[in-house]
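Thanks for coming, everyone. Please have a look at the structure on the screen, and then I'll walk you through it.

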Amino acid sequence: MEIRNEDIKKRINRKEIYRYLGYGTNTPDDNVNAMIKEVLTSLLDSISPRNIYKIFACSAAERIVVLKGENTTFAFESRNLAANLAQCRHVIMLAATLGLEADKLLQKYEILNMTKATITQACGAACIEAYCNILQEQICAEVSKDNTALYLRPRFSPGYGDLSLEYQKVIFEELECTKRIGLSLTDSLLMYPTKSVSALIGLTANPKSCHIGRCQNCDKIECEFREV
């Protein structure tokens with residue numbers, strides 16, 4: 001699915017950028033805000049976001065999640081993921097990236113201005129978050145057309161909770177991320193380009209089971225970015 005950079009701009013959460021920069025619930029001064037505006041403009045003028053996804057049938061037991069496609073079956077061992085997908089019959093397997101341009105801009109500022117480099121990190125994170133939010137809503141709307149209305153569970157990525165980072169390999173192989181969207185894994189299972197996301201997103205027919213509050217699903221209460 002194609003999403004315009006202008007649409008991403010409209011969905012960026014400034015408060016999220018402030019949190020990434022360490023301001024918590026406070027607002028930075030005019031000088032920092034001016035740099036945030038400048039960096040966001042540079043990012044949105046240069047990035048070329050891409051995505052790839054597939055939808056699988058899903059069944060979740062106490063600590064095992066099984067995804068079934070036309071010719072493939074995967075098992076993920078994770079109590080946290082199983083709880084997240086408990087009422088989901090289908091799951092979106094997704095990978096998305098802002099592309100190399102975001103990393104190039106970061107490298108430029110790391111040489112010229114470290115403050116702007118830090119701001120680029122925060123703005124890039126907010127951009128990929130906004131992009132994924134739009135993307136998953138579009139996917140949900142598409143799959144709901146001929147069915148009962150479906151609702152999204154929060155994104156759940158390898159490395160969250162007790163879901164091993166090793167499952168990155170499963171997602172990358174199944175979605176052919178490197179071939180299709182230029183996204184690769186390092187030896188330590190981190191993604192490159194860095195402003196990228198891989199995730200499993202549950203689709204449920206029960207709106208009461210659905211919330212997008214990420215912090216409500218995360219047990220890292222010491223996290224500096226925690227919202228609640």
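Predicted model: local features only at pLDDT ≥ 70, side-chain atom pairs only at ≥ 80, totals over all residues.

Helix 3 and helix 6 are oblique to each other. Here is the geometry. Helix 3 covers residues 30–46, and it packs against helix 6 at an angle of about 60°. Their axes are 9 Å apart.

Who makes the contact? On the helix 3 side, look for Val-32, Met-35, Ile-36, Glu-38, Val-39, Leu-40, Leu-43 and Leu-44. On the helix 6 side, look for Thr-115, Lys-116, Ile-119, Thr-120, Cys-123, Gly-124 and Cys-127. Sorted by class, the contact of helix 3 with helix 6 has 10 nonpolar residues, three polar and two charged.

Stay with helix 6, and bring in helix 5. Helix 5 runs over residues 100–112, and helix 6 over residues 114–144. They pack at an angle of about 155°, with axes 6 Å apart. How are the two helices oriented, helix 5 relative to helix 6? Roughly antiparallel, because the cut-off for that is an angle over 145 degrees. So helix 5 is roughly antiparallel to helix 6. The crossing of helix 5 and helix 6 is left-handed.

Now the residues. Helix 5 brings Ala-102, Leu-105, Leu-106, Tyr-109, Glu-110 and Leu-112. Helix 6 answers with Met-114, Lys-116, Ala-117, Thr-120 and Gln-121. By class, the contact of helix 5 with helix 6 has seven nonpolar, two polar and two charged residues. Note Lys-116 and Thr-120. They are listed in the contact of helix 6 with helix 5, and also in its contact with helix 3.

One more stop on helix 6: Cys-140. Is Cys-140 buried or exposed? It is buried, with a relative accessible area of 8%. Set aside its neighbours within four places in sequence, and Cys-140 is in contact with Leu-150, Tyr-151, Leu-152 and Leu-203. Then take Thr-204. It sits 64 residues from Cys-140 along the chain, yet their C-alpha atoms are separated by 10.0 Å.

Next topic: charges. Side chains of opposite charge can pair when their charged atoms come close. How many salt bridges does a search of the whole structure find? The search finds 10. I'll show you three of these.

Start with Asp-7 and Arg-4. Their closest N and O atoms are 3.0 Å apart. Arg-4 is exposed, at 52% relative accessibility. Asp-7 is partly exposed, at 22%.

Second, Arg-19 and Glu-16. This salt bridge is 4.0 Å, N to O. Both Arg-19 and Glu-16 are buried. They belong to helix 2, residues 14–20, and are three residues apart, so about one helical turn separates them. Why does that spacing matter for direction? An α-helix has 3.6 residues a turn, so residues three or four places apart point the same way.

Third, Lys-169 and Glu-166. The closest N and O atoms of this salt bridge are 3.1 Å apart. Lys-169 is partly exposed, with 45% relative accessibility. Glu-166 is partly exposed too, with a relative accessible area of 43%.

On to helix 7, which covers residues 168–175. Which residues of helix 7 are buried? They are Gln-168, Ile-171, Phe-172, Glu-174 and Leu-175.

Then comes the backbone. Helix 7 is followed by Glu-176. Phi of Glu-176 is near 50°, a positive value in a residue other than glycine. Glu-176 lies in the loop between helix 7 and helix 8, residues 177–181. Glu-176 is partly exposed, with a relative accessible area of 31%.

Leu-189 also has a positive phi, about 70°, and is not a glycine. Where is Leu-189? In the loop between strand 6, residues 184–185, and strand 7. Leu-189 is buried, with a relative accessible area of 8%.

Last item: a cis peptide bond. It joins Tyr-192 and Pro-193, and omega is about 0°. Pro-193 is in the loop between strand 7, residues 191–192, and strand 8, residues 196–204.

That's my tour. Over to you for questions.

Notes:
Residues numbered from 1 in each chain as written. Heavy atoms only, no water. Axes fitted to C-alpha atoms, helices over the stretch in contact; angles between N-to-C directions. Helix = DSSP H or I, 4+ residues; strand = E, 2+ residues; numbered from the N terminus. Parallel < 35°, antiparallel > 145°, perpendicular 65-115°, else oblique. Left-handed = near helix turned anticlockwise from the far one by under 90°. Contact = heavy atoms within 4.5 Å. Nonpolar A, V, L, I, M, F, W, Y, C, P; charged D, E, K, R; others polar. Salt bridge = Lys/Arg side-chain N within 4 Å of Asp/Glu carboxyl O. Buried < 20%, exposed > 50% of the residue type's maximum accessible area, 1.4 Å probe, protein only.
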